[in-house]
Amino acid sequence: MTGIQPAQPTIECYETATFNTTTCQWDVSGIHNPSLTYGSLTDIDGNIYKTIEIGGQTWMADNLRTSKYQNGDPISNVTDKTQWSNLNDIGAWAYYQNNASNNCLYGKVYNWYAIKDVRKVCPSCWHVPTDSEWKIMEN
């Protein structure tokens, strides 16, 4: 199939959202608050993400979509639920609902082994937030 894109997000406060097929992202006027200032970062796959300052911390404003660890090693794409459940010490990712069209809006789903892998799933100079970092953001 061609021409498939994720559903336009339903977010109160924003009037328009235009899907950019080149960047695989919704136009900032559609899902990001236009009154805020965003930074950006790029992962090893070349995906570009918006970043935002919250409570003195910098957070990604988009969900992670990489298929590689920081060192370039591929993360396994596992689509079978039984296989996913039986992975032992193997990092893996899947599309939300195993539907590739969900990648742009929702990012990829990673198992715990991918998150904890020493090769690091997050872009260079970034990490999965700790519980204490989440608490700071929440407050």
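What follows is a walk through the strand pairing, the aromatic contacts, the cysteines and a few loop residues of this model.

The model is predicted, so local features need pLDDT of at least 70 and side-chain atom pairs count only at pLDDT 80 or more, while totals for chains, interfaces and linings use all residues. Residues are numbered from 1 along each chain as its sequence is written, and side-chain values use heavy atoms, with hydrogens and water left out.

First, the sheet. Strands and helices here are DSSP runs numbered from the N terminus (E, at least two residues, for strands; H or I, at least four, for helices), and two strands pair if DSSP finds at least two bridges between them. Three strands make up an open sheet in the order β3-β4-β5, with antiparallel pairing. That leaves β3 and β5 as the edge strands, each pairing on one side only. Neighbouring strands of this sheet are turned by 40° against each other on average, direction ignored; the axes behind such angles are lines fitted to C-alpha atoms (for helices, over the stretch in contact), and angles run from 0 to 180 degrees between N-to-C directions.

Going strand by strand, β3 (residues 39-42) and β4 (residues 48-54) run antiparallel and are joined by four bridges. Across this pair, S40 faces K50 in β4, and T42 stands opposite I48 in β4. The two strands form a hairpin with five residues between them, and G46 in the turn has a positive phi of about 90°. The hairpin of β4 and β5 has two residues between the strands, and G55 takes a positive phi near 55°.

Helix α5 (residues 131-138) lies across β4 and β5 and runs at about 100° to β5. Contact, here and below, means heavy atoms within 4.5 Å.

Next, the rings. Rings of Phe, Tyr and Trp (for Trp, the six-membered ring) pair if their centres lie within 6.5 Å; planes under 30 degrees apart count as stacked, over 60 as edge-to-face and the rest as tilted. By this rule the model has three aromatic pairs. One of them is the tilted pair of W59 and W134, at 5.2 Å centre to centre and with 50° between the planes. Since W59 sits in strand β5 and W134 in helix α5, the pair ties together parts that are 75 residues apart in sequence. For accessibility, buried means under 20% relative accessible area, exposed over 50%, and partly exposed in between (1.4 Å probe, protein chains only). On that scale W59 counts as buried, at 13% relative accessibility, whereas W134 counts as partly exposed, at 39%.

Another of the pairs is edge-to-face: W93 and Y95 are 4.9 Å apart centre to centre, with 75° between the planes. W93 is buried, with a relative accessible area of 6%, and Y95 is partly exposed at 24%.

On to the cysteines. A disulfide is a pair of cysteine sulfur atoms within 2.5 Å, and by this rule the count is zero. C122 is buried, with a relative accessible area of 10%, but C125 counts as exposed at 79%.

Finally, the loops. N102 is placed in the loop between β7 (92-95) and α3 (103-106), and is buried at a relative accessible area of 9%. Leaving out residues up to four places away in sequence, N102 touches Y96, Q97 and G107. Q97 lies in the loop between β7 and α3 too, but is exposed, with a relative accessible area of 59%.

Backbone angles are worth a look here. Most residues other than glycine have a negative phi. Q97 has a positive phi, near 60°. D89, another residue other than glycine, has a positive phi near 65°. D89 lies in the loop between α2 (81-85) and β7, and counts as exposed at 68% relative accessibility.
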